[in-house]
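Dear colleague,

I am passing on the structure below, and some notes on it follow. Please read them alongside the sequence.

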Amino acid sequence: MFSFEQDPGANFGELLKRVGLSPFGETGSVNKMLVPHATTCVALRCVNGVVMAGDRRATSGNLISHREMEKVVQADQFSGVAIAGAAGPAMEMVKLFQLQIEHYEKVEGQSLSLEGKANQLSMFVRSNLPAAMQGFMVVPIFAGYDTLLQHGRLWNYDATGGRYEEHDFVATGSGMLHAGTVLRMGWKRDMTVDEGVELTARALWEASDADSATGGPDALRGIYPVIASITSEGFTRVEDSQLKVTYEAIARGVGQR
Amino acid sequence: MSMPYYVAPEQMMKDRADYARKGIARGRALVALQYDDGIALVAENPSNTLRKISEIYDRIAFAGVGKYNEFDQLRVAGVRAADLKGYQFSRLDVDARGLANQYAQILGQTFTHEMKPLEVEILVAEVGLTPDRDQLFHIMYDGTVIDEHRFTVLGGDMDAIRGRLSERFVAGSTIQNAVKIAHHALSSVDSSINSSELEVAVLTRNSSRRCFDRLSDDTIAQYLV
C-alpha cells in the first residue's frame with residue numbers, strides 16, 4: 001500500500017520507481033530534505049571595480065531559519081564570493097574556496113589570476129552537481145578586481161558549474177528576478193562605488209518586498225544586508241551605519257510613491 | 001661470494017652527518033631575530049625568485065638553508081599539513097611545535113633509513129600574541145630540534161655569525177635596526193653583503209590574520225642606509 005502522496009495511480013513508470021525496479025536513474029528526489037536555504041545576492045561593475053551585496057535571510061521551507069547569515073564573503077584581497085542555495089554546502093564551498101586560494105598562493109609563491117579563481121570555483125560547483133540533483137543546489141557569484149587588466153570582473157554560475165562572465169551586473173537566488181530588474185533599470189556605465197552601493201541596496205529592498213525568502217533591512221535588530229566593494233584598494237565591507245542611512249532614504253522614497 | 005664490509009654504526013652516522021654538514025656549509029646562512037613588533041627572518045639570497053623564507057600559516061613562517069629542492073619539498077609538506085589541520089579542526093589548532101615535530105620525524109627518518117641524509121637545516125617560527133610566546137624551532141639535518149630564544153642562526157659559518165649577532169642583538173629594537181643587525185651578522189669581516197642580495201620577511205605580531213609579509217628590495221635598501 002502507498003500513502004496518499006506516494007500513490008503512483010495508473011502510472012506504471014512511477015510504480016516501478018516506487019518499488020525500486022525503475023530502469024531509469026532516480027530523477028526527482030521523492031522526499032526532499034528541508035534544509036536552510038540562502039537567497040538573493042547581486043553584484044555589479046562600477047568605475048574602479050565591483051560592488052557585491054547579499055541579504056541576510058536563510059529559510060527552511062516557509063520558516064526563517066537564520067536572520068544574520070553572511071552570504072557575501074571575502075575570498076582574498078581582491079575578490080569575493082556571494083552564495084545562494086543550500087546553506088550547508090554553500091558555506092562549506094566558500095570555506096574550501098578561500099582555503100584553496102590561500103593554499104595555492106603559499107605553495108606556488110604567487111596568487112592565482114582572477115580568471116583562475118573563477119575557474120576553480122566553477123569546478124567546485126560542478127562537483128556539487130549530484131547534491132544539486134537532490135535539492136542542495138549551490139549557485140554562487142564570483143567578483144573581483146583584476147589586477148592585471150585593472151578593472152572589475154563578474155561571473156555568474158549555474159548548478160552544473162557553467163561559468164558565465166557578465167559585463168554589467170548579475171543576480172542570483174530566489175529574488176534574482178526582482179533584484180535583477182532593479183539593476184537592469186538603474187545600472188549605468190562608470191557608476192561610482194557609492195552609486196553602486198545605493199543601487200544594490202535598492203535591488204535587495206525590492207527583492208525582499210516581493211520575495212518571502214529574501215530578507216529586507218531589519219531596523220529593529222540592526223541587521224542590514226552585507227554590501228562590499230572590491231576595487232584597486234582591495235575588499236571593503238560597507239559599514240552598517242552607512243547602510244542604515246541608505247535604507248532610511250530608500251524607505252522615505254518608497255513612502256512618497 | 002663477496003661479503004659486505006662491516007661498518008660500525010657510529011662510523012656510518014658520523015659519515016652521514018659529515019656529508020650533510022658539508023652540503024649545508026656550502027650554502028649561505030640565514031638568521032631570525034625578534035624585534036619590537038614580531039620576528040624578522042633575514043637570509044643571504046642572490047635569487048629574486050627562489051625563496052628561502054616563506055609563509056606556512058597565519059602566524060607561522062618557514063625558512064631553510066642547504067639544498068633548495070630538498071627544503072622546498074619540506075616547505076610544501078608543511079603548508080599541506082598546516083592547511084589540512086586548519087581545515088579539519090580550527091585555524092587556532094595549527095601551531096609551530098606540532099609542525100616542528102613533524103619535520104623532525106621526516107628528517108630523522110631520512111637520516112637513519114635513507115641512502116643520503118637531507119642536506120638542509122630548517123627553521124619554523126611562530127609569532128605569539130606577546131613576545132614571550134614567540135617560538136623559534138631550529139631543526140637540524142638529523143632531526144634534532146632546538147628550541148631557540150630571541151634569535152637563531154642557520155647554515156654555514158654558523159658560529160662566527162652567531163657571535164656577531166649576539167654582540168649587537170638588543171631586545172625590542174625596531175625592524176630597521178633588526179635588519180641592520182642581521183645584515184651585519186651575515187656579512188663577513190672583510191666584505192659586506194649588497195642589500196639586493198638580502199631576502200627579508202617578517203611575522204608581524206598585530207596583523208589581522210596572515211602575519212607573514214615580505215619586505216621589498218626598496219624597503220630593505222632604505223633600512224640599510
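Which residues in α2(A) meet which residues in α3(A)? A:M93, A:L96, A:F97, A:Q100 and A:I101 in α2(A) meet A:K117, A:Q120, A:L121 and A:F124 in α3(A), where contact requires C-beta atoms, placed from the backbone, to lie within 7 Å. The residues of this contact divide into 6 nonpolar, 2 polar and 1 charged (Ala, Val, Leu, Ile, Met, Phe, Trp, Tyr, Cys and Pro count as nonpolar, Asp, Glu, Lys and Arg as charged, and the others, Gly among them, as polar).

This is a predicted model, in which local features need pLDDT of at least 70 and side-chain atom pairs count only at pLDDT 80 or more, while totals for chains, interfaces and linings use all residues. Residues are numbered from 1 along each chain as its sequence is written, and chains are lettered from A in the order in which they are written.

Helix α2 of chain A covers residues 87–108, helices being DSSP runs of H or I with at least four residues, numbered from the N terminus. Its 22 residues should span 32 Å at 1.5 Å a residue, and the end C-alpha atoms are 31 Å apart, which agrees; the expected span is 1.5 Å times one less than the number of residues. Just after α2(A), A:G109 takes a positive phi of about 85°.

As for the two chains, 5 residues of chain A are in contact with 7 residues of chain B. On that side of chain A, the residues divide into 2 nonpolar, 2 polar and 1 charged.

With kind regards

Note on methods: Helix = DSSP H or I, 4+ residues; strand = E, 2+ residues; numbered from the N terminus.
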